[in-house]
Amino acid sequence: MKNYWLILNPDTFIWVKAKEGLVYNTKNYKLVHFNNEGLIEKLVEELLQIDNLYAVTLDNLQLSNQIIRKWVDDLLAIECASLIEDNGITSRPVSLKPQLKVQDSIEYYKTKHRKKSGIQILSNLHTLIFHINGSKFGNEIYQRQIIYPGVDKKELSLRDIRNFIMSYEDFYLLPKITLVGCLWQYSDAASLLSFLKSLDITISIYCTKTDFINHKHHIKPDDKVSYHILISDYTTECSELFDKLEDNCNLYYDFIIASEKDCECANELIERYHISDVSRLYPIYTKDNLSFLESNLYIEKTDLVNIRLSKRQIFAHQVLNTNFFGTLTVFPDGKVYAGDMRSEIGTIQEELYTLVYREITEGHSWFYTRTQKPCLECIYQELCPSPSVYEWEIGKPNLCHIK
């Protein structure tokens, strides 16, 4: 009787939830569903044991079983496994189950904190968002879901912003600063931009369409600064918005979408002014448009069948929130929030290092993953995108039609 080794590739994930199984090949993004029962269940148990090095032995009799043969053929068809004859001479090939090795654990950061080694901790901060002021064209419902100015009449002081950024000597690690509000009505706008540009940091400015149109004559070419124009009103003429400015003015157009009509208007503007490469669509929940989001934002099984995730991206889904991680937001009242814009972790009067360390060791945003029901029981748990602000706003644990 001949024996064979069935060996899964190290870039292949296999998940089981009760009697449902899923195999995903991160090299070609193909997947196979299977019933995790009977003979297949026993083989999967062997494959998942670390000591078996992602392999299981099969003989002719087992391979003649129709259920096992189909399962093996399905794995071979998506190129996630090899079936190799055991000739008694050649050593069994070695493969390793993809398993996340978490070096940057919370205890790791606590140790670094005790040793006052902050570079590793601050390196987790990717974006600082400052709501420097509000706008009379702001919207607080939008502000809770996307980068959008509110209507706050307060403004952050330049001194607080400067001290906050400079509170850690390795501020040069910061890759991105975002300013939100009406920059042209900020009392120290010129000094703020001058300070930020002296740090050689990428600066993004988010403003409403109307604020931009009213003040566009003040904009000068600057390769260190980009402008994100937030468009939510499609009832007024937009042609002035797309009038060409001087070269090297980095303009991006962010369209806020709350209905099918908004989507049609946005796409018409994108096509008319040829701005597809510098425009993005952002759905928004307004409390009376849930059916629109269910049709356009909620995940269907077909969305996950066609998903393309690398091994690294799946590991990320296992341990952190890819939507929230690395972002801190400061509002005009000086309060600082983690990525979901709901988890207050301190104020701008504290040191930047302190707030990042607090979010890593005590927070509930950066590491908020799909570890609760119904996601916990779903076979797509690690393929599905991380929880977003929409779940918070709508009041549901997930946004999908699967569970």
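Trainee: To start, what percentage of the residues in the chain is buried?

Mentor: Keep in mind that this is a predicted model; within it, buried residues make up 48% of the 403 residues in the chain.

Trainee: And how many helices and strands does the chain have?

Mentor: The secondary structure comes to 15 helices and 15 strands, and the C-alpha atoms of the chain fill a box of roughly 85 × 55 × 40 Å when that box is taken along the principal axes. Among contacts between residues at least 6 apart in sequence, 69% join residues that are at least 24 apart.

Trainee: Let's take a helix, then. Which residues of helix 3 are buried?

Mentor: The buried residues of helix 3 are I68, W71, V72 and L75. Seen down the axis of helix 3, these buried residues fall within an arc of 95°, so they line one face of the helix.

Trainee: Why would residues with that kind of spacing point the same way?

Mentor: An α-helix has 3.6 residues a turn, so residues three or four places apart point the same way.

Trainee: What is exposed on the other side of helix 3?

Mentor: Over there, Q66, K70 and A77 are exposed. As for the length of helix 3, which runs over residues 66–77, its 12 residues should span 16 Å at 1.5 Å a residue, and its end C-alpha atoms are 16 Å apart, which agrees.

Trainee: Now helix 10: which of its residues are buried, and which are exposed?

Mentor: In helix 10 the buried residues are D262, C265, A266, L269 and I270. They cover an arc of only 135° around the axis, which puts them on the same side of helix 10, while K261, E264 and E271 are exposed on the other side.

Trainee: What do those buried residues pack against?

Mentor: The buried residues of helix 10 pack against strand 11, at 250–257, and strand 12, at 279–283. Helix 10 itself covers residues 260–272 and reaches 18 Å from its first C-alpha to its last, close to the 18 Å expected at 1.5 Å a residue. Just after helix 10, H274 takes a positive phi of about 55°.

Trainee: Changing topic, how do strand 2 and strand 3 pair?

Mentor: Strand 2 (residues 12–17) and strand 3 (residues 20–25) pair in the antiparallel sense over 6 bridges, and T12 has N25 in strand 3 as its bridge partner. The two strands form a hairpin with 2 residues between them, and A18 in the turn has a positive phi of about 55°.

Trainee: Last topic, the open spaces. What lines the largest pocket?

Mentor: The largest pocket holds about 860 Å³ of space and is lined by 32 residues, of which Q145, Y282, N323, V389 and Y390 lie nearest its centre. The largest share of that lining, 4 residues, comes from strand 12, and the elements that each supply at least two lining residues include strand 7 (127–131), helix 12 (301–305) and helix 15 (389–394).

Trainee: And how many cavities of 30 Å³ or more turn up?

Mentor: A search of the whole structure finds 2 cavities of 30 Å³ or more, and about 100 Å³ of space lies in the largest cavity. Of the 13 residues that line the largest cavity, the closest to its centre are C375, C378, C384, N398 and C400.

How values were computed: Residues are numbered from 1 along each chain as its sequence is written. This is a predicted model: local features need pLDDT of at least 70, side-chain atom pairs count only at pLDDT 80 or more; totals for chains, interfaces and linings use all residues. Side-chain values use heavy atoms; hydrogens and water are left out. The expected span of a helix is 1.5 Å times one less than its number of residues. Buried means under 20% relative accessible area, exposed over 50%, partly exposed in between (1.4 Å probe, protein chains only). The arc is that of the directions from the helix axis to the C-beta atoms. Contact means heavy atoms within 4.5 Å. Two strands pair if DSSP finds at least two bridges between them. On a 1 Å grid over the protein atoms alone, a cavity is a set of points where a 1.4 Å probe fits but cannot get out, and a pocket is an open set with protein on both sides within 12 Å along at least five of seven lines; lining residues have an atom within 4 Å of a point. Grid points are joined across faces, edges and corners, and a volume is the space filled by probe spheres set on the points.
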